Amino acid sequence: MGFSSKTRKKYLAYLSVCSISIGLVSCGGGGGSSGSADWGVTVPAPIEPPPVIEEPVEPATGWELVWNDEFDGNSLNGSKWNIQLGDGSDYGIPGWGNNELQWYQAENIAVEDGKLLITARQESTNGYPYSSGRLRTSGKYDTRYGRIEASIQVPAGVGLWSAFWMLPTDSQYGGWASGGEIDIMEVINAGTTNEVLGTVHYGMAWPLNQQAGRSHPVFAEDGFHTYAIEWEQDEIRWYLDDIHYHTVSSATWWSYFYGGPSIGYTSNTLAPFDQDFHLLLNLAVGGNLPGAVGSATVFPSALAVDYVRIYKCDSGNQDGTGCRSDINPSVAAPAAENVTISSYDLYTNSVQSLSWIVEGKTVSRGLTFGSLGSNNGAMVISEINAEDTAHGTVVYLYTANSGDFSVYAADGNAIGLTGMGNNPNWWELHAGELMFDLYIDSSGTDPDSNLFIGMSSAGQAAGRVELKVSDLPQNQWTSIIVKLNDLLANSIDQSLDTSALRGLFVLEPTSYASLQLDNIKLVCGHPSSCGVLAP
């Protein structure tokens, strides 16, 4: 399919009574490396050329234009774009998550001569040495599947980072990057590094996020180029001036995310690129990818955008298929990936043992249960046969006044975890969780009491979450899921050491209680490996 001529620029003029003719001369297109879309008009003086009106030409083979901005007029269309301000702190990501050096402000965004201009300036603003602009369509236009393209000219300079990209508007799959990100175009240090990057980010929340990307040569600063993706349910393809250079399929991307307290961590085979995304355009200065600003970099420098367009395939297929264009058969998608999940039964009908295969041999470590505290004789711990036919032998806890129940190594030595988060960086999200079934006998449990669920390490170090008895179902079995990150976050002075645990599972009532426990598990997900360390 040919996309080489994306724009007609039409001049409206009257033929004078003297039959003066107006000649139109084309001097460039919206795509390709020949330069910007500048059009010349040959007219006899003193007649002035009429105003330019951009009219997008819809591509062939079933693509239907559904949203666009040709940047006519003299100001940004506020019905299509929101301007983002500041350094990202208002969004919980100072430096926009990349240690960037610019402060975004509205003054750096303009529409002139049929172009959007995002200008980076060297000026001290709100404690930052540079200013620039960032805008997005969130809340104005969100899309799922289709062809998304823009004609862009990027500025040259070491330390400049031009981007045309997409983020989920209301992520169903958690934050970055389990919610996904699509980078249609990133050009970094143009003029020095002459390539465009096309990338998707997916997997798990930072720092366990994953990405699949590829670069393609481009002298991006030399003129306008068309950067595009074609996005289907199971595939995303990247194009530079209609040259297909990168593909990622749903066999590669995945998302492992927290689905709530009743679900825990889970995955979806199509996630995260099966939800609505919005567009972003920005020009960053400095940061993790471009590094320091070069001494020869010229300010002000502007990112220029001729148009942004979104097409939908008119095939009627809900998965967005039916309008593929110019696929390069030599472009292979990255290898298939998926999350690695490890699950350890701590108690199911009886206390379990942990086992590993080490150098071809099975290594086991026995577990036991009891109290790691004194309890002062207040708590009775035993095993009984549950009345519920879905549960066999279960742990029965009765206490007249608090106490603790723990599952721990029978040899009394510490147990280490890996790939499930660690202190003091409790805020680095991981995907470990404790799961268990709980039965609360209301007749023997203080309705105003709480249950602490957690883990313990050396000394009195413990991480725990607090569950109110009044918020939990009673006189019936219910499944409880607790995130390990919550235990780390609620560890006094971040002292819980997951590399040397005493109690793998700890339950402490704050008052009198009659409880039953079963199906206690430790589960984790990771891009490569996580779990309990072998002795």
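S402 sits in the loop between strands β28 (393–399) and β29; strands (E, at least two residues) and helices (H or I, at least four residues) are DSSP runs, numbered from the N terminus. The model is predicted: local features need pLDDT of at least 70 and side-chain atom pairs count only at pLDDT 80 or more, while totals for chains, interfaces and linings use all residues. Residues are numbered from 1 along each chain as its sequence is written, and side-chain values use heavy atoms, with hydrogens and water left out.

**Around S402**

- With a relative accessibility of 24%, S402 is partly exposed; this class lies between buried (under 20% relative accessible area) and exposed (over 50%), found with a 1.4 Å probe on protein chains only.
- The C-alpha atom of S402 is 9.3 Å from that of L451, although 49 residues separate the two along the chain.

- Strands of a sheet pair through backbone hydrogen bonds, either parallel or antiparallel.
- Here two strands count as paired if DSSP finds at least two bridges between them.
- An open sheet of six strands runs in the order β25-β26-β29-β35-β32-β33, with antiparallel pairing.
- Its edge strands are β25 (353–358) and β33, each of which pairs on one side only.
- From one strand to the next the twist averages 15 degrees; axes are lines fitted to C-alpha atoms, for helices over the stretch in contact, and angles run from 0 to 180 degrees between N-to-C directions.
- Four bridges join β29 (residues 405–409) to β35 in the antiparallel sense.
- S406 has V506 in β35 as its bridge partner.

**Second largest pocket**

- The second largest pocket holds about 350 Å³ of space.
- On a 1 Å grid over the protein atoms alone, a pocket is an open set of points with protein on both sides within 12 Å along at least five of seven lines, whereas a cavity is a set where a 1.4 Å probe fits but cannot get out; lining residues have an atom within 4 Å of a point.
- Grid points are joined across faces, edges and corners, and the volume is the space filled by probe spheres set on them.
- The pocket is lined by 16 residues, of which S456, Q460, A461, A462 and E508 are the closest to its centre.
- At least two lining residues come from each of β32 (450–457), β33 (462–468) and β35 (501–509).
- β35 gives the largest share, three residues.
- The lining has five nonpolar, seven polar and four charged residues; Ala, Val, Leu, Ile, Met, Phe, Trp, Tyr, Cys and Pro count as nonpolar, Asp, Glu, Lys and Arg as charged, and the others, Gly among them, as polar.

**Disulfides**

- There are two disulfides, each a pair of cysteine sulfur atoms within 2.5 Å.
- C313 and C323 are joined with an S to S distance of 2.0 Å.
- C313 lies in strand β23 (residues 301–313) and C323 in the loop between β23 and β24 (340–347), so this bond ties together parts 10 residues apart in sequence.
- C313 is buried at 16% relative accessible area, and C323 is buried at 3%.
- C524 and C530 form a disulfide with sulfur atoms 2.2 Å apart, and both cysteines are buried.
- The S-S torsion of C524 and C530 is about 100 degrees, so that disulfide is right-handed.

**Seven-stranded sheet**

- Seven strands form an open antiparallel sheet in the order β6-β11-β22-β13-β14-β15-β16.
- β6 (82–83) and β16 (209–217) each have a single partner strand, so one side of each has no neighbour in the sheet.
- β14 (residues 181–188) and β15 (residues 195–203) pair over four bridges in the antiparallel sense, and E181 stands opposite H201 in β15.
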